Each structure stands twice: as structure tokens, then as C-alpha cells.
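Me: I would like to go through this model with you. Could we begin with a term needed for the surface, and then turn to the fold?

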Amino acid sequence: MRAIWKGAVSFGLVSVPVKLYSATESHDVSFRQVHAKDGGRIKYQRVCSIDGEEVPYSDIAKGYETEDGEMVILSDADLAELPSTSSREIAVEKFVPSDQIDPMLFEKSYYLEPEKSGAKPYALLRQALLDADRMAVVTVALRQRTSMAVLRVRSTDDGDVIVLQTMMWPDEVRTPDFSIDAGDIKTSEVKMAKMLVETLAGDFDPTEFEDDYAGAVESLVKTKIEGGEVKRTATSTKSSGDVVDLLAALQKSVAAAKSARGESSEDTSGTADTEEPTKKATAKKTAAKKTAKKAATKKSTAKKAS
């Protein structure tokens with residue numbers, strides 16, 4: 001894994017230098033929109049809804065739409081004035097009981113790895129969280145925006161590790177706008193429901209579950225490939241052309257580098273060095289043949305004269 005952020009966890013006077021790693025990745029199956037006739041990909045244009053013209057990236061700005069439909073355009077200068085932070089500190093605000101935080105608030109998870117100098121205070125914080133059965137509520141600046149998050153301990157095959165989980169702000173969690181009226185519930189119905197729960201009771205093991213949909217899609221695609229149901233397009237066909245493109249890119253890079261140094265770039269193809277000696281050798285052979293021919297002519301002339 002590659003660290004995406006470096007900083008320090010601070011609580012009280014203790015500072016733990018850490019690295020941040022993404023703890024999750026998505027394995028969602030993704031499809032491309034293509035032309036059913038030939039398999040070509042469908043392209044989308046950036047078209048203005050008012051004048052119907054295609055808009056280049058350089059003319060695209062950020063706009064904030066108000067509740068009454070008005071559009072307020074924000075420039076880069078406007079955005080630069082917004083409150084942001086580049087702090088590299090994960091500041092612990094308080095330690096709270098684990099059962100007080102609604103899992104719905106959790107957003108994205110990251111692993112925290114200590115730097116060598118922070119291994120001991122990291123281990124102390126990890127053990128304190130475990131013994132107290134609490135989470136540390138923290139604030140952290142990620143992607144130029146301050147987020148609320150928690151630190152908790154997760155057990156893995158390689159040992160216990162501290163996980164940082166960013167959280168949504170309370171006003172980002174929607175309140176359901178419906179109510180449930182189930183009428184009177186009989187005691188016998190409640191008893192049967194409890195029996196059903198006990199019948200299906202057990203410990204949670206995530207390895208017991210798998211993504212059947214992704215597996216079915218892969219199987220379907222494999223079957224179609226084996227049956228020859230594949231649309232060959234210029235963008236999807238992979239052949240030695242990829243190598244040629246890479247070679248061309250390398251040649252251009254060498255030419256650019258030589259040009260920057262004021263050198264000739266005529267031999268960037270890699271064949272000039274081999275062709276030059278060949279040309280010289282051919283020239284030598286031709287000259288030798290001409291010399292031998294001249295010598296034979298002189299001898300023949302001398303014989304005739306005598």
C-alpha cells in the first residue's frame with residue numbers, strides 16, 4: 001500500500017507521527033455504454049444548456065445553485081478565500097464509549113501506521129482504547145477540508161491496528177419522512193419472531209459472504225468470449241501496437257532531450273547507429289572493386305601494347 005497522508009495524532013502532550021493508508025477499495029462491476037452495432041464507446045460532450053454550444057474545459061467554472069434556481073458563479077479567487085486548512089494534525093477532542101456513535105455516521109476508513117519514532121506511543125494509545133472500550137473523536141484536515149472522525153482499534157491477522165474513520169456531519173444524515181403504523185402486535189407473534197431470531201443467531205464472519213453478482217458477470221463474459229461473441233474495436237484490440245506506441249513515445253522523448261541539449265535528433269530511431277557503419281562498409285567495398293577493376297584494365301592495356 002502507498003501512504004496518502006502523513007501527520008501526527010496528538011492527545012494531551014503526546015504526539016504520534018503516523019502515515020495514513022486507504023483501508024478499503026471498491027470491487028463494483030462497471031459497464032461501459034457502447035454502440036450495440038459495433039461495440040464503439042459512447043462519447044459525451046460538454047454542452048451548455050442555454051446556447052447549446054460545446055464548452056471547453058477552460059471555460060468551465062464552479063456554480064452554486066440557490067433554492068430558487070439562481071446560479072452563483074464562483075471563481076478560483078473566491079474559492080481561495082474559503083476557510084481551509086492544511087494542518088497535519090489529528091487532534092483528539094475526547095474519548096467516548098464505542099456504543100454512543102451511530103454507525104450511519106461512518107464514511108471512509110483508513111489505516112494508521114506509526115513512524116519508527118512513534119511506535120511506542122502508538123502502542124500505548126492502541127492499548128488504552130482497547131482497555132477502555134472507547135473511541136477517540138478527532139478532527140483532521142483531509143483534501144483541504146476539516147472532517148470529523150474517530151480512532152478505533154481493529155484486529156487483523158497481523159495484529160491490532162488503529163483505524164481512522166471519517167464521519168459525516170450530523171446535518172448530512174437525513175431524517176426519514178415516513179411513519180410506520182403496524183397496528184396491534186400479538187404476544188404470540190412476538191414470540192414467533194423471537195424464535196426466528198434465535199434460529200438464525202450466530203457470530204458474524206464476513207468471509208462467509210461473497211459478491212455473487214461480480215462472479216456471475218465474469219462467468220458470463222468468459223462464456224461470450226469463448227463463444228466468439230466479442231466486438232473487436234480499435235480501442236479494445238490489444239496487440240503489438242501498444243509496444244509500437246511505447247517505442248514511438250520513447251523516441252520522441254529522446255529526440256526532445258537531445259534537442260534541449262542542442263544535439264542532432266536524427267538518430268533517435270535507434271537504426272542510424274547501425275546503418276552508418278553499414279554505409280561505410282559498403283562504400284569501402286565499392287571503392288575496392290573500382291581499384292581492382294582499374295588495375296585489371298591497366299594490365300590488359302600493357303599486354304596489348306607489347
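Reply: Patches are made of residues with over 30% relative accessible area and no salt bridge, and nonpolar side chains are joined within 5 Å. Please note that the model is predicted.

Me: Which residues form a nonpolar patch on the surface?

Reply: Val29, Phe31 and Tyr213 do, and together they have about 330 Å² of accessible area.

Me: Where does Val29 lie?

Reply: Val29 belongs to the loop that runs between E2 and strand E3 (62-65).

Me: Why does Val29 count as partly exposed?

Reply: Because its relative accessibility is 30%, and partly exposed covers the range between under 20% for buried and over 50% for exposed.

Me: Now the fold. How many helices and strands are there?

Reply: The protein chain has six helices and nine strands. Seven strands close into a barrel with mixed pairing, in the order E1-E2-E6-E9-E8-E7-E5. On average, neighbouring strands of this sheet are turned by 40° against each other, direction ignored.

Me: What packs on the sheet?

Reply: Helix H2 (residues 119-132) does, touching several strands, including E1, E5 and E9. The direction of H2 makes about 80° with that of E9.

Me: In what sense do E5 and E7 pair?

Reply: Strand E5 (residues 89-97) and strand E7 (residues 134-142) are antiparallel, with six bridges. Lys94 stands opposite Val137 in E7.

Me: And for the chain as a whole, what share of the residues is buried?

Reply: Buried residues amount to 17% of the 306 in the protein chain. The chain exposes about 25,200 Å², of which carbon and sulfur atoms supply 54%.

Terms used: Residues numbered from 1 in each chain as written. Predicted model: local features only at pLDDT ≥ 70, side-chain atom pairs only at ≥ 80, totals over all residues. Heavy atoms only, no water. Pairing = 2+ DSSP bridges. Helix = DSSP H or I, 4+ residues; strand = E, 2+ residues; numbered from the N terminus. Axes fitted to C-alpha atoms, helices over the stretch in contact; angles between N-to-C directions. Contact = heavy atoms within 4.5 Å. Buried < 20%, exposed > 50% of the residue type's maximum accessible area, 1.4 Å probe, protein only. Areas by Shrake-Rupley, 256 points an atom, 1.4 Å probe, with all protein chains shown as cover. Patch = residues over 30% accessible without salt bridge, like charges linked within 9 Å, V, L, I, M, F, W, Y side chains within 5 Å. Salt bridge = Lys/Arg side-chain N within 4 Å of Asp/Glu carboxyl O.
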